[in-house]
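Hello,

Here is the structure you asked about. My notes on it follow below.

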Amino acid sequence: TSPPNIPSIVNNKLFITFNLEKGIEIPNEAPLLSNTSKEPLTNQKAYKIAAKMGFTNNPIETNDVRNGKTLIWSNNKTSLVFRLDLNKIEFFNVPPNQRDLKKTLSDAELQSLAGNFLVENFGMAPDSLKFESFSYFKQLTNTAQAGVDVFPQNTSKENADTVVVKISPNTQYQVLTTNSTNTIASVKLTTDGVIFSADTYLDFAFQKESENQPLLNIEEIKENINKASVFLIDDGYVSKTSMELFQQTLTKVVITKIKLINLLDQPLAETLQPVFLLEGIGTLIENNINKTVEVGLYLPALRSLYY
(Lines give C-alpha, C1' and ligand atoms only; values in the text may rest on other atoms or scores of the structure.)
Protein backbone atom coordinates (compact mmCIF):
# COMPACT_ATOMS: atom_id res chain seq x y z
CA THR A 1 0.00 0.00 0.00
CA SER A 2 1.30 3.44 -0.96
CA PRO A 3 0.69 6.47 1.25
CA PRO A 4 -2.11 8.85 0.23
CA ASN A 5 -1.27 11.93 -1.82
CA ILE A 6 -1.23 14.81 0.70
CA PRO A 7 0.13 18.12 -0.61
CA SER A 8 1.65 20.46 1.98
CA ILE A 9 1.26 24.24 1.86
CA VAL A 10 4.53 24.59 3.76
CA ASN A 11 7.90 23.89 2.15
CA ASN A 12 10.27 24.71 4.99
CA LYS A 13 11.23 22.39 7.82
CA LEU A 14 9.06 22.81 10.92
CA PHE A 15 9.83 22.50 14.61
CA ILE A 16 6.91 20.40 15.88
CA THR A 17 6.24 19.57 19.52
CA PHE A 18 3.32 18.01 21.41
CA ASN A 19 1.20 19.30 24.27
CA LEU A 20 -1.76 16.97 23.96
CA GLU A 21 -5.05 17.58 25.71
CA LYS A 22 -5.74 15.17 28.55
CA GLY A 23 -7.72 12.07 27.78
CA ILE A 24 -6.86 11.76 24.10
CA GLU A 25 -7.34 8.20 22.89
CA ILE A 26 -6.85 6.93 19.35
CA PRO A 27 -7.84 3.53 17.89
CA ASN A 28 -5.08 0.98 17.34
CA GLU A 29 -6.61 -0.38 14.12
CA ALA A 30 -8.95 0.69 11.33
CA PRO A 31 -10.08 -0.49 7.86
CA LEU A 32 -9.56 0.97 4.42
CA LEU A 33 -12.70 2.37 2.79
CA SER A 34 -13.95 1.91 -0.77
CA ASN A 35 -15.37 4.86 -2.68
CA THR A 36 -18.55 3.31 -4.07
CA SER A 37 -19.86 6.40 -5.87
CA LYS A 38 -21.57 5.19 -9.03
CA GLU A 39 -23.08 8.12 -10.93
CA PRO A 40 -20.63 10.44 -12.73
CA LEU A 41 -21.49 14.10 -13.22
CA THR A 42 -22.73 14.24 -16.82
CA ASN A 43 -23.50 17.01 -19.31
CA GLN A 44 -27.19 16.18 -18.97
CA LYS A 45 -27.14 16.52 -15.18
CA ALA A 46 -25.16 19.78 -15.39
CA TYR A 47 -27.62 21.34 -17.87
CA LYS A 48 -30.56 20.25 -15.70
CA ILE A 49 -29.10 21.83 -12.55
CA ALA A 50 -28.13 25.02 -14.41
CA ALA A 51 -31.66 25.39 -15.82
CA LYS A 52 -33.14 24.85 -12.37
CA MET A 53 -30.96 27.68 -11.06
CA GLY A 54 -32.18 30.05 -13.78
CA PHE A 55 -29.47 29.83 -16.45
CA THR A 56 -30.83 29.75 -20.02
CA ASN A 57 -27.64 30.41 -21.99
CA ASN A 58 -25.12 27.82 -23.16
CA PRO A 59 -22.05 27.30 -20.98
CA ILE A 60 -18.40 27.93 -21.71
CA GLU A 61 -16.61 24.58 -22.03
CA THR A 62 -12.96 24.05 -21.10
CA ASN A 63 -10.71 21.05 -20.71
CA ASP A 64 -7.38 21.11 -18.90
CA VAL A 65 -4.98 18.72 -17.20
CA ARG A 66 -5.79 19.83 -13.66
CA ASN A 67 -9.61 20.00 -13.69
CA GLY A 68 -10.55 18.00 -16.78
CA LYS A 69 -13.77 18.79 -18.62
CA THR A 70 -15.47 21.86 -17.15
CA LEU A 71 -18.76 23.62 -17.94
CA ILE A 72 -19.19 27.24 -16.79
CA TRP A 73 -22.43 29.21 -16.68
CA SER A 74 -22.16 32.85 -15.62
CA ASN A 75 -23.81 36.25 -15.66
CA ASN A 76 -22.86 39.55 -14.08
CA LYS A 77 -23.69 38.27 -10.58
CA THR A 78 -23.44 34.50 -10.51
CA SER A 79 -21.14 31.73 -11.70
CA LEU A 80 -21.97 28.03 -11.74
CA VAL A 81 -19.09 25.65 -12.49
CA PHE A 82 -19.32 21.91 -13.17
CA ARG A 83 -16.05 19.97 -13.08
CA LEU A 84 -17.32 16.78 -14.72
CA ASP A 85 -14.18 14.68 -14.35
CA LEU A 86 -13.98 15.55 -10.64
CA ASN A 87 -17.71 15.08 -9.89
CA LYS A 88 -17.71 18.58 -8.41
CA ILE A 89 -19.99 21.64 -8.54
CA GLU A 90 -18.96 25.17 -7.53
CA PHE A 91 -21.36 28.10 -7.08
CA PHE A 92 -20.35 31.75 -6.66
CA ASN A 93 -22.51 34.81 -6.18
CA VAL A 94 -21.53 38.42 -5.56
CA PRO A 95 -21.24 38.85 -1.78
CA PRO A 96 -23.50 41.49 -0.28
CA ASN A 97 -22.00 44.96 0.05
CA GLN A 98 -20.96 46.25 3.43
CA ARG A 99 -24.11 46.77 5.40
CA ASP A 100 -25.68 46.33 8.77
CA LEU A 101 -26.53 42.67 9.21
CA LYS A 102 -30.21 42.21 9.96
CA LYS A 103 -29.63 39.64 12.66
CA THR A 104 -27.38 36.74 13.54
CA LEU A 105 -28.95 33.38 12.82
CA SER A 106 -28.57 30.45 15.19
CA ASP A 107 -26.20 27.59 14.43
CA ALA A 108 -29.17 25.35 13.64
CA GLU A 109 -30.62 27.91 11.21
CA LEU A 110 -27.28 28.30 9.40
CA GLN A 111 -26.90 24.52 9.11
CA SER A 112 -30.44 24.20 7.78
CA LEU A 113 -29.94 26.91 5.14
CA ALA A 114 -26.70 25.32 3.94
CA GLY A 115 -28.11 21.81 3.77
CA ASN A 116 -31.30 22.93 2.02
CA PHE A 117 -29.28 24.83 -0.59
CA LEU A 118 -27.35 21.69 -1.54
CA VAL A 119 -30.48 19.54 -1.57
CA GLU A 120 -32.76 21.93 -3.47
CA ASN A 121 -30.25 23.17 -6.05
CA PHE A 122 -27.82 20.28 -6.57
CA GLY A 123 -30.25 17.43 -5.95
CA MET A 124 -28.33 15.91 -3.06
CA ALA A 125 -30.12 13.44 -0.81
CA PRO A 126 -30.91 15.01 2.58
CA ASP A 127 -29.87 11.89 4.47
CA SER A 128 -26.46 11.84 2.74
CA LEU A 129 -25.27 15.00 4.52
CA LYS A 130 -23.86 15.52 8.01
CA PHE A 131 -22.78 18.79 9.62
CA GLU A 132 -19.03 18.87 10.28
CA SER A 133 -18.05 22.32 11.61
CA PHE A 134 -18.17 26.10 11.19
CA SER A 135 -15.46 28.57 10.15
CA TYR A 136 -15.87 32.29 10.82
CA PHE A 137 -14.67 35.24 8.72
CA LYS A 138 -15.00 38.95 8.12
CA GLN A 139 -15.40 39.32 4.36
CA LEU A 140 -18.15 41.72 3.25
CA THR A 141 -16.90 44.36 0.83
CA ASN A 142 -18.01 46.84 -1.82
CA THR A 143 -15.68 45.55 -4.55
CA ALA A 144 -16.68 41.91 -5.00
CA GLN A 145 -17.18 40.19 -8.35
CA ALA A 146 -18.90 36.92 -9.13
CA GLY A 147 -16.49 34.02 -9.03
CA VAL A 148 -13.85 35.95 -7.09
CA ASP A 149 -13.56 35.38 -3.37
CA VAL A 150 -12.82 38.57 -1.48
CA PHE A 151 -9.79 38.02 0.71
CA PRO A 152 -11.34 36.98 4.04
CA GLN A 153 -10.09 37.57 7.54
CA ASN A 154 -10.31 34.69 9.98
CA THR A 155 -12.11 35.79 13.13
CA SER A 156 -14.21 34.67 16.09
CA LYS A 157 -17.87 33.72 15.98
CA GLU A 158 -18.78 36.94 17.78
CA ASN A 159 -17.00 39.19 15.25
CA ALA A 160 -17.90 37.29 12.07
CA ASP A 161 -20.10 38.58 9.27
CA THR A 162 -19.54 35.43 7.19
CA VAL A 163 -19.79 31.75 8.10
CA VAL A 164 -18.60 28.66 6.22
CA VAL A 165 -20.75 25.64 6.99
CA LYS A 166 -18.67 22.50 6.42
CA ILE A 167 -20.53 19.31 5.55
CA SER A 168 -19.37 15.69 5.47
CA PRO A 169 -20.89 12.42 4.20
CA ASN A 170 -23.40 10.94 6.62
CA THR A 171 -21.52 7.71 7.27
CA GLN A 172 -20.11 5.99 10.36
CA TYR A 173 -16.64 7.00 9.17
CA GLN A 174 -15.42 10.59 9.16
CA VAL A 175 -14.29 11.42 5.61
CA LEU A 176 -12.25 14.58 4.99
CA THR A 177 -10.38 15.94 1.95
CA THR A 178 -7.26 17.95 1.12
CA ASN A 179 -9.13 20.97 -0.24
CA SER A 180 -9.19 24.36 1.50
CA THR A 181 -12.18 23.49 3.69
CA ASN A 182 -11.09 19.84 4.15
CA THR A 183 -14.70 18.63 3.73
CA ILE A 184 -16.79 17.06 0.95
CA ALA A 185 -19.07 20.11 0.79
CA SER A 186 -19.15 23.66 2.11
CA VAL A 187 -21.53 26.62 1.94
CA LYS A 188 -20.51 30.22 2.63
CA LEU A 189 -23.16 32.66 3.83
CA THR A 190 -23.58 35.84 5.81
CA THR A 191 -24.50 35.52 9.47
CA ASP A 192 -28.02 36.70 8.57
CA GLY A 193 -28.45 34.02 5.95
CA VAL A 194 -27.44 35.24 2.46
CA ILE A 195 -25.65 32.41 0.59
CA PHE A 196 -22.94 33.53 -1.84
CA SER A 197 -20.67 30.53 -2.33
CA ALA A 198 -20.92 26.75 -2.26
CA ASP A 199 -19.04 23.73 -3.53
CA THR A 200 -19.57 20.01 -3.27
CA TYR A 201 -18.54 16.66 -4.64
CA LEU A 202 -21.58 14.71 -5.84
CA ASP A 203 -22.77 11.18 -5.21
CA PHE A 204 -20.37 10.19 -2.45
CA ALA A 205 -20.72 6.77 -0.85
CA PHE A 206 -18.15 4.84 1.16
CA GLN A 207 -18.00 1.37 2.66
CA LYS A 208 -15.51 -0.80 4.51
CA GLU A 209 -13.05 -2.40 2.08
CA SER A 210 -10.71 -4.43 4.28
CA GLU A 211 -10.26 -5.95 7.69
CA ASN A 212 -8.89 -3.63 10.33
CA GLN A 213 -5.20 -2.85 9.94
CA PRO A 214 -2.71 -1.79 12.65
CA LEU A 215 -2.19 1.96 13.15
CA LEU A 216 0.54 4.07 14.66
CA ASN A 217 0.28 4.65 18.39
CA ILE A 218 0.88 8.08 19.93
CA GLU A 219 4.60 7.49 20.53
CA GLU A 220 5.03 6.32 16.92
CA ILE A 221 3.14 9.39 15.71
CA LYS A 222 5.69 11.53 17.55
CA GLU A 223 8.57 9.52 16.04
CA ASN A 224 7.25 10.09 12.50
CA ILE A 225 5.89 13.61 12.83
CA ASN A 226 8.36 14.88 10.21
CA LYS A 227 6.28 12.96 7.64
CA ALA A 228 3.13 14.99 8.42
CA SER A 229 1.83 17.52 5.86
CA VAL A 230 0.42 20.93 6.74
CA PHE A 231 -2.83 21.28 4.79
CA LEU A 232 -4.64 24.05 6.69
CA ILE A 233 -3.64 27.29 8.41
CA ASP A 234 -6.26 29.48 10.07
CA ASP A 235 -9.15 27.66 8.37
CA GLY A 236 -7.75 28.38 4.91
CA TYR A 237 -7.19 32.12 5.53
CA VAL A 238 -3.47 31.47 5.05
CA SER A 239 -2.81 29.56 1.81
CA LYS A 240 0.25 28.50 -0.16
CA THR A 241 -0.39 31.47 -2.47
CA SER A 242 -0.70 34.02 0.34
CA MET A 243 2.44 32.67 2.03
CA GLU A 244 4.41 33.26 -1.16
CA LEU A 245 2.74 36.62 -1.84
CA PHE A 246 3.28 38.03 1.65
CA GLN A 247 6.52 36.12 2.36
CA GLN A 248 4.99 34.35 5.34
CA THR A 249 6.83 31.49 7.06
CA LEU A 250 5.37 28.93 9.45
CA THR A 251 8.20 28.08 11.85
CA LYS A 252 6.84 25.92 14.64
CA VAL A 253 3.72 24.03 15.66
CA VAL A 254 2.48 22.67 18.98
CA ILE A 255 0.12 19.71 18.46
CA THR A 256 -2.76 19.62 20.97
CA LYS A 257 -5.30 17.26 19.35
CA ILE A 258 -5.17 13.98 17.41
CA LYS A 259 -8.09 12.17 15.81
CA LEU A 260 -8.51 9.51 13.15
CA ILE A 261 -10.27 10.25 9.86
CA ASN A 262 -10.43 8.68 6.39
CA LEU A 263 -8.91 10.80 3.66
CA LEU A 264 -10.33 11.35 0.18
CA ASP A 265 -6.99 12.45 -1.26
CA GLN A 266 -8.27 12.55 -4.87
CA PRO A 267 -11.85 13.40 -5.94
CA LEU A 268 -12.38 10.00 -7.56
CA ALA A 269 -10.04 7.94 -5.39
CA GLU A 270 -11.16 4.30 -5.21
CA THR A 271 -9.66 3.64 -1.77
CA LEU A 272 -9.55 5.87 1.31
CA GLN A 273 -6.86 5.29 3.90
CA PRO A 274 -7.07 6.08 7.62
CA VAL A 275 -5.12 9.26 8.38
CA PHE A 276 -4.46 11.13 11.60
CA LEU A 277 -5.73 14.71 11.73
CA LEU A 278 -3.33 16.64 13.97
CA GLU A 279 -4.48 20.05 15.19
CA GLY A 280 -2.53 22.66 17.07
CA ILE A 281 -1.18 26.18 17.35
CA GLY A 282 1.60 27.50 15.13
CA THR A 283 3.83 30.55 14.79
CA LEU A 284 3.62 32.40 11.47
CA ILE A 285 6.25 35.06 10.70
CA GLU A 286 5.30 37.97 8.42
CA ASN A 287 7.44 41.13 8.15
CA ASN A 288 9.44 39.96 11.19
CA ILE A 289 6.25 39.84 13.26
CA ASN A 290 5.15 36.61 14.93
CA LYS A 291 1.47 35.70 14.62
CA THR A 292 -0.30 32.82 16.34
CA VAL A 293 -2.33 30.66 13.94
CA GLU A 294 -4.37 27.47 14.06
CA VAL A 295 -2.75 24.65 12.08
CA GLY A 296 -4.02 21.34 10.70
CA LEU A 297 -1.74 18.50 9.60
CA TYR A 298 -2.39 15.08 8.09
CA LEU A 299 -0.23 12.05 8.88
CA PRO A 300 -0.88 8.65 7.20
CA ALA A 301 -1.96 6.29 9.97
CA LEU A 302 -1.20 2.77 8.68
CA ARG A 303 1.69 1.32 10.65
CA SER A 304 2.80 -0.76 7.64
CA LEU A 305 3.82 2.46 5.86
CA TYR A 306 6.55 3.03 8.44
CA TYR A 307 7.66 -0.27 9.98
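Trp 73 is buried, at 1% relative accessibility; buried means under 20% relative accessible area, exposed over 50% and partly exposed in between, with a 1.4 Å probe and protein chains only. Phe 82 is buried too, at 0%. This is a predicted model, in which local features need pLDDT of at least 70 and side-chain atom pairs count only at pLDDT 80 or more, while totals for chains, interfaces and linings use all residues. Residues are numbered from 1 along each chain as its sequence is written, and side-chain values use heavy atoms, leaving out hydrogens and water.

The rings of Trp 73 and Phe 82 form an edge-to-face pair, because their centres are 5.5 Å apart and their planes stand at 80 degrees. Rings of Phe, Tyr and Trp (its six-membered ring) pair if their centres lie within 6.5 Å; planes under 30 degrees apart count as stacked, over 60 as edge-to-face and the rest as tilted. Together with Tyr 47, Trp 73 and Phe 82 make up one aromatic cluster. The structure has eight aromatic pairs. Another of these, Phe 131 with Phe 134, is tilted, with 4.7 Å between centres and 50 degrees between planes. Phe 131 is partly exposed at 32%, whereas Phe 134 is buried at 15%.

Asp 234 is also buried, with a relative accessible area of 8%. Apart from neighbours within four places in sequence, Asp 234 contacts Asn 154, Lys 291, Val 293 and Glu 294, where contact means heavy atoms within 4.5 Å.

Regards
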